[in-house]
Amino acid sequence: MISAVSSSADMRATPQIPEEIEEYRDERWRRDETRPIASAFDAERFIEQVGFAAGMTDCRRPGPSLYVAICGRRDAVLPRHVQKDPETSLTWTLKDEIVRRGRIYYAKLARGTTMFLAPRMIPCFHTVWGVRRSEEKRRLSRNARAVLKVLRHEWEMSTADLRHESGVADRTAFNRALDELQAAMIVVPSAVFYQPKFTYIWTLGVGRFREALRRRLSRDAALR
(Lines give C-alpha, C1' and ligand atoms only; values in the text may rest on other atoms or scores of the structure.)
Protein backbone atom coordinates (compact mmCIF):
# COMPACT_ATOMS: atom_id res chain seq x y z
CA MET A 1 0.00 0.00 0.00
CA ILE A 2 2.79 2.41 0.99
CA SER A 3 4.62 1.55 -2.22
CA ALA A 4 1.51 2.28 -4.30
CA VAL A 5 1.00 5.65 -2.62
CA SER A 6 4.66 6.51 -3.14
CA SER A 7 4.48 5.57 -6.82
CA SER A 8 1.34 7.69 -7.27
CA ALA A 9 3.03 10.68 -5.62
CA ASP A 10 6.07 10.27 -7.86
CA MET A 11 3.84 10.28 -10.95
CA ARG A 12 2.22 13.53 -9.83
CA ALA A 13 5.53 15.22 -9.03
CA THR A 14 6.45 18.17 -11.23
CA PRO A 15 9.36 17.23 -13.49
CA GLN A 16 12.55 19.07 -12.65
CA ILE A 17 13.92 21.30 -15.40
CA PRO A 18 17.72 21.19 -15.76
CA GLU A 19 19.43 24.26 -14.34
CA GLU A 20 21.10 25.11 -17.65
CA ILE A 21 17.64 25.45 -19.22
CA GLU A 22 16.45 27.64 -16.35
CA GLU A 23 19.53 29.84 -16.76
CA TYR A 24 18.84 30.14 -20.49
CA ARG A 25 15.27 31.18 -19.68
CA ASP A 26 16.57 33.68 -17.11
CA GLU A 27 18.53 35.35 -19.89
CA ARG A 28 15.90 35.13 -22.64
CA TRP A 29 12.84 35.83 -20.51
CA ARG A 30 14.53 38.69 -18.57
CA ARG A 31 14.27 36.86 -15.26
CA ASP A 32 17.18 38.81 -13.85
CA GLU A 33 17.54 42.32 -12.48
CA THR A 34 20.41 43.42 -14.73
CA ARG A 35 18.16 44.36 -17.69
CA PRO A 36 15.05 45.99 -16.23
CA ILE A 37 12.01 46.80 -18.37
CA ALA A 38 10.97 50.37 -17.63
CA SER A 39 9.25 51.60 -20.81
CA ALA A 40 6.93 50.45 -23.58
CA PHE A 41 9.95 50.44 -25.91
CA ASP A 42 11.78 48.04 -23.55
CA ALA A 43 8.68 45.83 -23.36
CA GLU A 44 8.29 45.76 -27.15
CA ARG A 45 11.94 44.75 -27.58
CA PHE A 46 11.46 41.96 -25.05
CA ILE A 47 8.37 40.63 -26.86
CA GLU A 48 10.15 40.86 -30.22
CA GLN A 49 13.00 38.80 -28.76
CA VAL A 50 10.91 36.01 -27.23
CA GLY A 51 8.23 36.00 -29.96
CA PHE A 52 5.24 35.85 -27.65
CA ALA A 53 4.57 36.51 -23.97
CA ALA A 54 1.74 36.49 -21.48
CA GLY A 55 0.85 39.71 -19.71
CA MET A 56 0.00 39.14 -16.07
CA THR A 57 1.18 35.59 -15.34
CA ASP A 58 3.81 34.78 -12.72
CA CYS A 59 6.25 31.93 -12.05
CA ARG A 60 3.38 29.50 -11.47
CA ARG A 61 2.54 29.55 -15.19
CA PRO A 62 4.97 28.38 -17.90
CA GLY A 63 6.33 30.62 -20.61
CA PRO A 64 7.64 34.18 -20.91
CA SER A 65 5.67 36.89 -19.12
CA LEU A 66 5.83 40.67 -19.21
CA TYR A 67 5.09 40.82 -15.48
CA VAL A 68 7.93 38.43 -14.63
CA ALA A 69 10.29 40.35 -16.92
CA ILE A 70 9.38 43.61 -15.17
CA CYS A 71 9.99 41.96 -11.79
CA GLY A 72 13.33 40.65 -13.09
CA ARG A 73 13.36 37.47 -11.01
CA ARG A 74 12.63 33.81 -11.53
CA ASP A 75 10.33 33.42 -8.52
CA ALA A 76 8.01 36.39 -9.17
CA VAL A 77 4.50 35.84 -7.77
CA LEU A 78 1.55 38.20 -8.17
CA PRO A 79 0.65 39.71 -4.78
CA ARG A 80 -2.77 39.29 -3.23
CA HIS A 81 -3.47 43.04 -3.42
CA VAL A 82 -2.28 43.98 -6.90
CA GLN A 83 -3.67 47.53 -6.73
CA LYS A 84 -0.84 48.66 -4.44
CA ASP A 85 1.96 46.69 -6.10
CA PRO A 86 4.32 48.88 -8.19
CA GLU A 87 5.42 46.04 -10.49
CA THR A 88 1.84 45.07 -11.27
CA SER A 89 0.95 48.72 -11.83
CA LEU A 90 3.86 49.18 -14.25
CA THR A 91 2.84 46.05 -16.15
CA TRP A 92 -0.69 47.40 -16.64
CA THR A 93 0.62 50.84 -17.64
CA LEU A 94 3.01 49.40 -20.23
CA LYS A 95 0.32 47.05 -21.53
CA ASP A 96 -1.98 50.02 -22.18
CA GLU A 97 0.80 51.92 -23.95
CA ILE A 98 1.73 48.91 -26.09
CA VAL A 99 -1.93 48.57 -27.13
CA ARG A 100 -2.06 52.26 -28.03
CA ARG A 101 1.21 52.15 -30.03
CA GLY A 102 -0.04 49.21 -32.11
CA ARG A 103 3.32 47.66 -32.95
CA ILE A 104 2.76 44.44 -31.00
CA TYR A 105 -0.31 42.21 -31.35
CA TYR A 106 -2.30 42.02 -28.10
CA ALA A 107 -5.54 40.12 -27.49
CA LYS A 108 -7.21 37.37 -25.50
CA LEU A 109 -6.25 34.37 -27.60
CA ALA A 110 -6.89 30.63 -27.37
CA ARG A 111 -8.27 29.33 -24.06
CA GLY A 112 -8.83 32.88 -22.87
CA THR A 113 -5.12 33.62 -22.46
CA THR A 114 -4.22 37.27 -22.93
CA MET A 115 -0.96 37.44 -24.89
CA PHE A 116 1.43 39.69 -26.75
CA LEU A 117 2.69 38.51 -30.15
CA ALA A 118 5.66 39.81 -32.08
CA PRO A 119 4.56 40.58 -35.66
CA ARG A 120 6.65 37.70 -37.06
CA MET A 121 4.66 35.24 -34.93
CA ILE A 122 1.20 36.43 -36.00
CA PRO A 123 0.99 34.18 -39.11
CA CYS A 124 1.91 31.14 -36.98
CA PHE A 125 -0.77 31.76 -34.36
CA HIS A 126 -3.33 32.72 -37.00
CA THR A 127 -2.73 29.53 -38.96
CA VAL A 128 -3.38 27.41 -35.87
CA TRP A 129 -6.21 29.35 -34.20
CA GLY A 130 -7.41 32.05 -36.59
CA VAL A 131 -10.71 32.10 -38.46
CA ARG A 132 -10.63 33.25 -42.07
CA ARG A 133 -13.46 35.30 -43.57
CA SER A 134 -14.70 32.36 -45.65
CA GLU A 135 -15.09 30.33 -42.44
CA GLU A 136 -16.88 32.92 -40.31
CA LYS A 137 -20.46 31.81 -40.97
CA ARG A 138 -19.61 28.22 -40.05
CA ARG A 139 -17.29 28.83 -37.09
CA LEU A 140 -18.51 32.03 -35.39
CA SER A 141 -21.60 32.33 -33.23
CA ARG A 142 -24.50 34.57 -34.20
CA ASN A 143 -23.56 37.12 -31.52
CA ALA A 144 -19.94 37.21 -32.65
CA ARG A 145 -21.04 37.81 -36.24
CA ALA A 146 -23.37 40.63 -35.09
CA VAL A 147 -20.52 42.37 -33.28
CA LEU A 148 -18.18 41.87 -36.22
CA LYS A 149 -20.71 43.30 -38.70
CA VAL A 150 -20.82 46.56 -36.72
CA LEU A 151 -17.05 46.80 -36.43
CA ARG A 152 -16.57 46.24 -40.15
CA HIS A 153 -18.89 49.18 -40.76
CA GLU A 154 -17.61 51.54 -38.05
CA TRP A 155 -13.98 50.28 -37.85
CA GLU A 156 -13.47 51.42 -34.21
CA MET A 157 -15.90 51.56 -31.29
CA SER A 158 -15.94 51.66 -27.52
CA THR A 159 -17.25 48.67 -25.60
CA ALA A 160 -20.59 50.24 -24.63
CA ASP A 161 -21.29 51.63 -28.11
CA LEU A 162 -20.39 48.34 -29.75
CA ARG A 163 -22.69 46.40 -27.44
CA HIS A 164 -25.54 48.80 -28.17
CA GLU A 165 -25.07 48.86 -31.94
CA SER A 166 -24.63 45.10 -32.24
CA GLY A 167 -27.89 44.42 -30.44
CA VAL A 168 -26.22 41.94 -28.09
CA ALA A 169 -27.72 43.52 -24.99
CA ASP A 170 -26.78 40.86 -22.48
CA ARG A 171 -23.38 41.79 -21.04
CA THR A 172 -22.21 38.21 -20.54
CA ALA A 173 -23.20 37.18 -24.06
CA PHE A 174 -21.52 40.27 -25.50
CA ASN A 175 -18.27 39.64 -23.60
CA ARG A 176 -18.34 36.04 -24.77
CA ALA A 177 -18.73 37.23 -28.37
CA LEU A 178 -15.78 39.61 -28.00
CA ASP A 179 -13.65 36.83 -26.52
CA GLU A 180 -14.63 34.63 -29.46
CA LEU A 181 -13.59 37.28 -31.99
CA GLN A 182 -10.29 37.84 -30.21
CA ALA A 183 -9.55 34.12 -30.07
CA ALA A 184 -10.33 33.96 -33.81
CA MET A 185 -7.73 36.72 -34.32
CA ILE A 186 -10.24 39.04 -35.96
CA VAL A 187 -10.75 41.77 -33.35
CA VAL A 188 -8.19 43.48 -31.08
CA PRO A 189 -8.26 46.33 -28.57
CA SER A 190 -6.68 49.49 -29.97
CA ALA A 191 -6.80 51.73 -26.87
CA VAL A 192 -7.98 51.81 -23.28
CA PHE A 193 -9.42 54.80 -21.41
CA TYR A 194 -10.07 55.22 -17.70
CA GLN A 195 -11.90 58.57 -17.77
CA PRO A 196 -14.74 59.47 -17.67
CA LYS A 197 -15.23 55.71 -17.29
CA PHE A 198 -13.18 52.62 -18.05
CA THR A 199 -13.52 51.30 -21.60
CA TYR A 200 -11.61 49.57 -24.35
CA ILE A 201 -11.72 50.74 -27.94
CA TRP A 202 -12.08 47.80 -30.34
CA THR A 203 -10.96 47.49 -33.93
CA LEU A 204 -10.19 44.92 -36.62
CA GLY A 205 -6.81 43.25 -36.34
CA VAL A 206 -6.34 43.45 -40.10
CA GLY A 207 -6.24 47.25 -39.81
CA ARG A 208 -3.00 47.07 -37.85
CA PHE A 209 -1.45 43.80 -39.02
CA ARG A 210 -2.80 43.34 -42.54
CA GLU A 211 0.18 41.56 -44.11
CA ALA A 212 0.86 39.30 -41.14
CA LEU A 213 -2.78 38.17 -40.89
CA ARG A 214 -3.03 37.51 -44.62
CA ARG A 215 0.19 35.52 -44.87
CA ARG A 216 -0.51 31.81 -45.28
CA LEU A 217 1.57 29.04 -43.71
CA SER A 218 1.15 25.31 -43.58
CA ARG A 219 -0.07 24.06 -40.21
CA ASP A 220 3.14 22.04 -39.75
CA ALA A 221 5.28 25.13 -40.36
CA ALA A 222 3.13 27.18 -37.98
CA LEU A 223 3.35 24.61 -35.21
CA ARG A 224 7.09 24.25 -35.64
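Trainee: Does H126 count as buried or exposed, and at what relative accessibility?

Mentor: In this predicted model, H126 lies in helix α6, which spans residues 122–129. Buried means under 20% relative accessible area. H126 therefore counts as buried, at a relative accessibility of 6%.

Trainee: Which residues does H126 touch, not counting residues up to four places away in sequence?

Mentor: Contact means heavy atoms within 4.5 Å. With residues up to four places away in sequence left out, H126 touches V131, R132, A184, M185 and L213.

Trainee: How far apart in space are H126 and D170, C-alpha to C-alpha?

Mentor: Along the sequence, H126 and D170 are 44 residues apart. In space, C-alpha to C-alpha, H126 and D170 are separated by 29 Å.

Trainee: Where is D58 found, and is D58 buried or exposed?

Mentor: D58 is found in the loop between β1 (52–54) and α4 (66–71). Its relative accessible area is 4%, and the limit for buried is under 20%. D58 is therefore buried.

Trainee: Which backbone nitrogen does the side chain of D58 reach?

Mentor: The side chain of D58 makes a polar contact with the side chain of R60, at 2.5 Å. Beyond residues up to four places away in sequence, D58 touches Y67, V68, A76, V77 and L78. At 2.9 Å, the side chain of D58 reaches the backbone nitrogen of L78.

Trainee: What is the order of the strands in the open sheet that contains β1?

Mentor: β1 and strand β3 (residues 114–117) pair in the antiparallel sense over three bridges, and A53 stands opposite F116 in β3. This open sheet has three strands with antiparallel pairing, in the order β1-β3-β2. The edge strands, each pairing on one side only, are β1 and β2 (105–108).

Trainee: How many bridges join β5 to β6?

Mentor: β5 and strand β6 (residues 199–204) run antiparallel. Within this pair, A191 stands opposite I201 in β6. The number of bridges joining β5 to β6 is six.

Trainee: What span does α5 reach from its first C-alpha to its last?

Mentor: Helix α5 (residues 86–101) has 16 residues. Its buried residues are T88, T91, L94, K95, D96, I98 and V99, and α5 is followed by G102, whose phi is positive, near 70 degrees. The span of α5 is close to the 22 Å expected at 1.5 Å a residue, and its value is 22 Å.

Trainee: How many disulfides does the count come to?

Mentor: A disulfide requires a pair of cysteine sulfur atoms within 2.5 Å. For C59, the nearest cysteine sulfur, that of C71, is 9.5 Å away, and C59 is in no disulfide. The count of disulfides comes to zero.

Trainee: Is C124 buried or exposed?

Mentor: The limit for buried is under 20% relative accessible area. C59, at 37% relative accessibility, counts as partly exposed. C124 has 15% relative accessibility and therefore counts as buried.

Notes:
Residues are numbered from 1 along each chain as its sequence is written. This is a predicted model: local features need pLDDT of at least 70, side-chain atom pairs count only at pLDDT 80 or more; totals for chains, interfaces and linings use all residues. Side-chain values use heavy atoms; hydrogens and water are left out. Two strands pair if DSSP finds at least two bridges between them. Helices (H or I, at least four residues) and strands (E, at least two) are DSSP runs, numbered from the N terminus. Buried means under 20% relative accessible area, exposed over 50%, partly exposed in between (1.4 Å probe, protein chains only). A polar contact is a pair of N or O atoms within 3.5 Å; within protein, one must be able to donate a hydrogen and the other to accept it, and residues adjacent in sequence count only if both atoms are side-chain atoms. The expected span of a helix is 1.5 Å times one less than its number of residues.
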